[in-house]
Structure formats: structure tokens, C-alpha cells
Amino acid sequence: MSVGENQSYQRLADLLVGAKVAFMLRSMAELGIPDELASEAKSAELLAEDLGLAADPLRRVMRALTQFGVFDELPDGRFQNTGMSACMRRDANPSLRDAILFLNHDVSLGAWLRLSETLRDGVSRFQEVNGGPLFSLFAKDRDLADHFAHCMRNLYGAEAAKIANGYSYESYGSIVDVGGGQGHILAAILSANPDMTGTLLDIEATAPLAREFLRARGLSDRINVIGGDFFAEVPGRHDAYLVKSVLHDWNDERATSILIKCREAMSEDARLLIIEEVIQPGKRVGNPNRLVDLDLMIHLGGRERTEPEYRQLMTNAGFVPGEIKPIPGSFFSVIEGSAAPHP
């Protein structure tokens, strides 16, 4: 069998250059090339003239990306967007532009380049390479923080309505969102449940943004925003404790600590609602959580988890694990838990 006929060889060759394709995507996103092609096809020369670039390398990079379906090259040499590159535009909905820029940022790449060391001892090199944990870098690099925020909003923004409508919250009069960011999940839940009130807990820096976000949605009188640390204290006297896309940021010890603080705040009849992607056995086509798991490992020392792993976390924190209910149309599931009696 010749090299050209060996599909496994060709597939591996495509994977081999994956990092280079990611670097090319990063440069196209940084330079706004898909935005420039939004309304019409253009030559590399015209793009270079408009953007102050060098035409020859630009043409060659765009030509290489046509191999992967990112751009189309017309017979007259002009390039046009495909459905793929259209998703890299700033105004696309949803857009992968900020995901490309965040996941291929230097702070990420430096740690990924030392993956072999992580495989030897189980320790991410992110803090060693960057001088601190990811979240601490946001205060120093506003662009990085913005790319992360927009990345999360574009990847998961559409999930808010699914989470709000794909699970029944009607038995809860009040709910606290632990690590709820700016509040888009809690806002969606309260909008779908007009008799419910809520509390949002996130770091001090995020609290003003959350108050403004919720004010703009007319929910200020129904949601109390608290700036604080969920490793120190979680608000008490609520019917449900929502922990969405938080536990996967942390290793088992730290994730258990968060759940313990929730348990300390809860009454015996309150309920824990963990919303995460639950890794299922076998090959899962179309679900990226196995790759997300690796980014969590590299960036944060966190992990995606299987059903037995979530149940063990909950048990260790003093909960009785309940049902796992997949949210229709979503990768996420609600993992229910009740408070085990205090000894």
C-alpha cells in the first residue's frame, strides 16, 4: 500500500500539523481576516494593503488553510470565507474567535509544550511557566481576561436557556449560584421561575459586573450579589445550591472543599444541584469534553469527571448522591444531591 492509499497515515499526518493549523487560526483571528472577508472575496494583495501586511506570506497561509476548509480560493486568486471562517468573525453568533485566541495564547502554549513533564509527575507546569495561576493573570492582562470571558460566553451562552428550561426548579423558593460569574445562568433560571429569588456568589472583582448584568435584565430586586470566596463561606438559608461549571476547575481536594462549604450552609432539606458535563465511557463523537478535560488539566489542574467520580466527591463532602438528569439538547447534566445528616 502506497502512502497515498494509507488512510491511517494520512489521518495521522493531518493530526501532526494540528498545532501549526492552530497557530494559523490564531493569526487570522488576531488580524481580523475573516471580518475583512465578511461582505466580499478579496485577494491577498488587497487584504495586505488594507491591513498593512505582507502579501506573499498572507497568501501562503490562507492558501494552506484552504486545505482544511477554513477559506476558499477562487479561480482568480481571491479568497472568501467558508462556514468555518465565518465562525471566526467578531460578530458571528456563535463565534469561536475568542476561543481561538484564548486557547492559543502564549500563557497556554507554554504549559502545553511541557506536557511530557506533566505526564511524568502529574503536575501542570502552568504556574511555573506563567508565574501564577490562570485567574490571577486576568488582573494583569485585560485582553486575556476579555478573551476568556467572551470565549466562555460564546461557548456556553446558549446553554443558559437549556439549563433553565431543561430541569424543574419549581419546588425551590430560593437558590444560590455558587461561583455564578456574571449571573447569566441564574438570570435565566429566575426569568423562567418568576416566584423564585436568588443569591449569586462570585469573587469581589466580578460582583460589580454581575450587578450591572442583572440590573440590565430587571432582576436586581430578586437576586442578591455577594462578592466573596466560596472556599471560605457560602450563603445559608436557601432551598437549592447550584454549582455550575465550577468543580471541574479544581482538583479533587479543592472541589471537595467547595462542596463542604455548601454542606455547612445548607439545611437538612436543601438540595445540591451540580451542573457539569459527565464523561461517559466509550467514544463520544461530537462531544469535546475529553479535550476540555486536558485544557482543565493544563490550565487549572482541574478535570472533567465520570459519574462515579462525582458521586465520590459528593459522598466525601457529606452529601447523599441522587439522580443524574441530562439536560435535553445540552452536553450538561444536573447531578442532584441531598445533605447527609450531620453526625
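Helices (H or I, at least four residues) and strands (E, at least two) are DSSP runs, numbered from the N terminus. The model shown here is predicted, so local features need pLDDT of at least 70 and side-chain atom pairs count only at pLDDT 80 or more, while totals for chains, interfaces and linings use all residues. Residues are numbered from 1 along each chain as its sequence is written, and side-chain values use heavy atoms, with hydrogens and water left out.

**View A. H238 in the loop between β5 and β6.** Let us start with H238, which sits between strands β5 (223–227) and β6 (240–244). H238 has a relative accessible area of 11% and is therefore buried (under 20% relative accessible area, 1.4 Å probe, protein chains only). Its side chain makes a polar contact with the side chain of S174 at 3.3 Å (a pair of N or O atoms within 3.5 Å, one able to donate a hydrogen and the other to accept it; residues adjacent in sequence count only if both atoms are side-chain atoms). Leaving aside neighbours within four places in sequence, H238 is in contact (heavy atoms within 4.5 Å) with S174, I175, V176, T199 and A270.

**View B. The buried residues of helix α14.** In α14 (residues 184–192), these are I185, L186, A187, A188, I189 and L190. They pack against α13 (159–165), β3 (174–178), β4 (197–202), α15 (207–216), β5 and β6.

**View C. Helix α4 packed with helix α5.** Look here for α4 (residues 44–51) and α5 (residues 55–66). The contact is made by A44, E45, L47 and A48 of α4 and by A55, L58, R59 and M62 of α5.

Key: Buried < 20%, exposed > 50% of the residue type's maximum accessible area, 1.4 Å probe, protein only. Axes fitted to C-alpha atoms, helices over the stretch in contact; angles between N-to-C directions.
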